[in-house]
Amino acid sequence: MGKKIKKEVEPPPKDVFDPLIIESKKAATVVLMLNSPEEEILAKACEAIYKFALKGEENKTTLLELGAVEPLTKLLTHEDKIVRRNATMIFGILASNNDVKKLLRELDVMNSVIAQLAPEEEVVIHEFASLCLANMSAEYTSKVQIFEHGGLEPLIRLLSSPDPDVKKNSMECIYNLVQELNDLHIEALAVIANCLEDMDTVVQIQQTGGLKKLLSFAENSTIPDIQKNAAKAITKAAYDPENRKLFHEQEVEKCLVALLGSENDGTKIAASQAISAMCENSGSKDFFNNQGIPQLIQLLKSDNEEVWEAAALALAHLTTCNPANANAAAEADGIDPLINVLSSKRDGAIANAATVLTNMAMQEPLRLNIQNHDIMHAIISPLRSANTVVQSKAALAVTATACDVEARTELRNSGGLEPLVELLRSKNDEVRKHASWAVMVCAGDELTANELCRLGALDILEEVNVSGTRKNKFSEAAYNKLLNNNLSLKYSQTGYLSSSNIINDGFYDYGRINPGTKLLPLKELCLQEPSDLRAVLLINSKSYVSPPSSMEDKSDVGYGRSISSSSSLRRSSKEKNNAGFGSPIEDKSEPASGRNTVLSKSATKEKGWRKSKGKKEEEKVKEEEEVMVVPKFVGEGSSEKEWCPPSDPDFSMYVYEVTKSILPITNIKEQIEDLAKYVAEKMGGKIPKEKLPDFSWELHISELKFQLKSNVIPIGHVKKGIFYHRALLFKALADRIGIGCSLVRGEYGRAWNEVMLQNDSRKGVIGGLPAPEMYVIDLMFHPGGLMKLRSREADLYRFL
């Protein structure tokens with residue numbers, strides 16, 4: 001046997017890589033292995049990544065950050081079955097992460113995942129592919145992709161799979177796919193409504209015919225949410241004029257009126273809001289006159305106050321600057337429901353209803369109708385609201401409805417003036433402006449003006465008007481209106497009464513008061529003891545009657561204790577005219593104008609104001625002797641005493657005389673001259689300038705104070721008067737006979753009257769008539785003289 005020879009092992013080829021077993025503890029290393037060309041490495045890398053992803057959401061995020069998703073998507077279509085299976089399993093797990101889902105949509109892998117649902121694939125692949133789709137189908141964009149790639153059919157087929165996990169995943173995915181699938185129009189319309197807030201998008205939708213489709217949905221759909229969203233979209237689109245024009249051409253109004261009849265409150269609200277938006281189009285506004293307004297009025301009777309608010313808003317837009325629509329609202333019996341809405345708990349509903357009522361009240365017949373429905377009581381609650389919009393609209397409603405004495409009286413008696421005055425303090429400019437406007441309207445009659453002043457309106461407005469930022473033209477107008485109804489205060493504060501400021505009974509000249517100083521009421525001034533203060537001059541032609549408590553009272557001429565005969569203060573309706581300044585012959589009850597306070601036959605004869613009519617008549621006059629000062633309290637025997645201002649029989653006589661003698665004169669200049677002479681005669685006659693210091697008028701006034709036991713002196717008692725006495729008497733008498741003149745207070749006891757007269761010359765001719773010029777009346781030095789005012793300060797200094 002031959003010797004065995006040991007066979008030598010051949011070395012491996014030099015171009016072959018020796019097998020290498022790699023153990024990695026880093027996920028990043030494994031992710032890099034996903035790019036390997038070797039199936040075994042790919043399979044093992046996928047298996048490792050699958051196990052890593054199962055451990056939690058943080059690991060899924062880590063894999064996303066390491067860039068594992070993109071190479072894995074390529075492995076879904078790998079030729080090796082194991083690699084493909086393992087990659088599918090990974091995506092089944094990773095697809096639950098929102099960021100991964102977003103990236104998968106961008107990488108467009110839906111087709112590759114759906115391909116794994118093929119019948120020939122093994123159950124494990126079916127399980128994880130369906131799991132991936134179930135996770136992806138939770139979002140709308142992914143749903144669209146699944147539908148577009150035909151994913152619904154294989155999912156339905158897998159419902160018959162023997163594997164329960166496959167069934168579960170397929171069922172879940174199908175369930176997600178059909179959520180709201182029945183009608184996506186609702187959400188689509190909501191999206192369109194949002195898009196219509198962007199003008200560029202509006203243009204695109206309009207150019208592509210989207211607005212017409214919008215109308216089609218609103219008109220034809222019977223689903224409330226579709227109708228509601230379509231109406232909302234119309235509302236947003238209608239803010240653009242071109243869209244409103246297009247909608248009007250497409251007769252959107254008919255559609256919106258139909259939607260008002262929906263049983264769904266949301267649809268009613270949306271339709272009402274759309275009508276509000278369409279009101280900017282005049283054609284649409286006119287259309288809703290007969291169709292729309294009656295339906296909106298009906299909505300005000302709904303149980304839903306949100307419906308009230310929307311309906312009232314539409315009515316507010318429809319009736320603004322549109323009398324025809326305001327009439328239509330009234331004809332639809334809308335006043336009662338609108339006033340009822342004023343008690344709503346929704347501020348918007350109240351404000352809108354107040355606006356509609358304001359618009360309606362612009363027409364007198366409708367205003368009277370509104371007043372008859374107790375608007376003045378209903379508006380008080382909105383005036384007290386804490387909402388500035390409601391306050392503003394409520395004040396504006398008062399402005400529109402309180403245009404007559406009856407309405408203002410009702411507002412005053414209902415307690416509405418107090419909250420209105422409080423609104424003058426508002427820091428909101430709109431509220432303060434409308435409240436001032438309302439106060440100006442309410443100050444149209446004396447009683448309401450006095451109540452407003454009592455509540456502090458004048459003081460608040462004075463404070464407001466001092467501020468450069470808070471005042472407005474209405475606050476200034478309201479302040480002046482209140483002063484015009486309180487001429488005593490106006491003259492004391494401003495020192496000026498215009499020809500339109502008519503002095504009536506009860507006016508008193510207290511003298512100048514400083515800003516912020518309160519003017520005491522006449523009653524309080526009358527009850528004060530005489531002092532060295534300036535005398536308060538009273539204008540009063542009224543007479544008051546009080547039965548005498550005892551004959552002894554006749555001797556006391558102080559206010560509150562003297563008496564007056566009723567016959568002496570009556571004015572006969574059968575009085576005859578006398579020439580000159582004489583008093584009527586047959587009026588035995590008219591008081592004389594002498595200095596003494598007791599009227600007697602001798603005094604009557606001295607003044608020449610009455611003619612004797614025989615012994616019988618003389619005895620009658622004697623029997624009617626009276627004390628010329630009326631008591632402060634009438635009905636002293638009763639439990640309640642009503643205060644009355646002091647009467648002034650002499651002034652009553654003045655009024656009668658100038659009415660009979662001067663009023664009939666047709667030439668205004670002659671009227672002024674004669675009245676000036678008359679006033680001067682009653683106040684001590686003509687006083688030369690050099691004799692003025694010797695004219696002891698101060699002593700006379702002091703005597704009157706002592707005699708009357710008061711600082712308040714009726715003007716008729718003053719028989720020695722200077723500038724400010726005579727100017728006041730002239731103004732008071734001129735106002736009674738229609739001579740337009742102003743009363744101006746100067747310095748150092750000066751006061752004068754100014755009148756407008758036509759210029760006798762042809763200079764300054766306007767429209768063929770001489771231009772009127774201002775004149776000052778001389779009541780002291782040359783009574784009846786007129787001086788033309790050119791330079792006021794210089795002329796008055798020389799004149800006075």
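**Exercise 1.** Determine whether Glu121 is buried or exposed, and describe its salt bridge.

*Solution.* Step 1: Glu121 has a relative accessible area of 13% and is therefore buried (buried means under 20%, exposed over 50%, partly exposed in between, with a 1.4 Å probe and protein chains only). Step 2: Glu121 pairs with Arg84 in a salt bridge whose closest N and O atoms are 3.6 Å apart; the term requires a side-chain nitrogen of Lys or Arg within 4 Å of a carboxyl oxygen of Asp or Glu. Step 3: Arg84 lies in helix H5 (residues 81-94), and Glu121 in the loop between helix H7 (110-115) and helix H8 (123-136), so that the pair links distant parts of the chain, 37 residues apart. Step 4: Arg84 is also buried, at 13%.

The model is predicted: local features need pLDDT of at least 70, and side-chain atom pairs count only at pLDDT 80 or more, while totals for chains, interfaces and linings use all residues. Residues are numbered from 1 along each chain as its sequence is written, and side-chain values use heavy atoms, with hydrogens and water left out.

**Exercise 2.** State how Glu47 and Lys51 are placed in helix H2.

*Solution.* Step 1: Helix H2 covers residues 39-54, and Glu47 and Lys51 are four residues apart in it, which means a separation of about one helical turn (helices are DSSP runs of H or I with at least four residues, strands are runs of E with at least two, both numbered from the N terminus). Step 2: The closest N and O atoms of their salt bridge are 3.6 Å apart. Step 3: Glu47 is partly exposed at 39%, and Lys51 is partly exposed at 48%.

**Exercise 3.** Locate Lys518 and Asp459, which meet in a salt bridge.

*Solution.* Step 1: The N to O distance is 2.1 Å. Step 2: Lys518 is in the loop between strand S2 (507-509) and helix H36 (522-527), while Asp459 is in helix H33 (residues 457-466), 59 residues apart. Step 3: Lys518 is exposed at 54%, whereas Asp459 is partly exposed at 35%.

**Exercise 4.** How many salt bridges does a search of the whole structure find?

*Solution.* The search finds 25 salt bridges.
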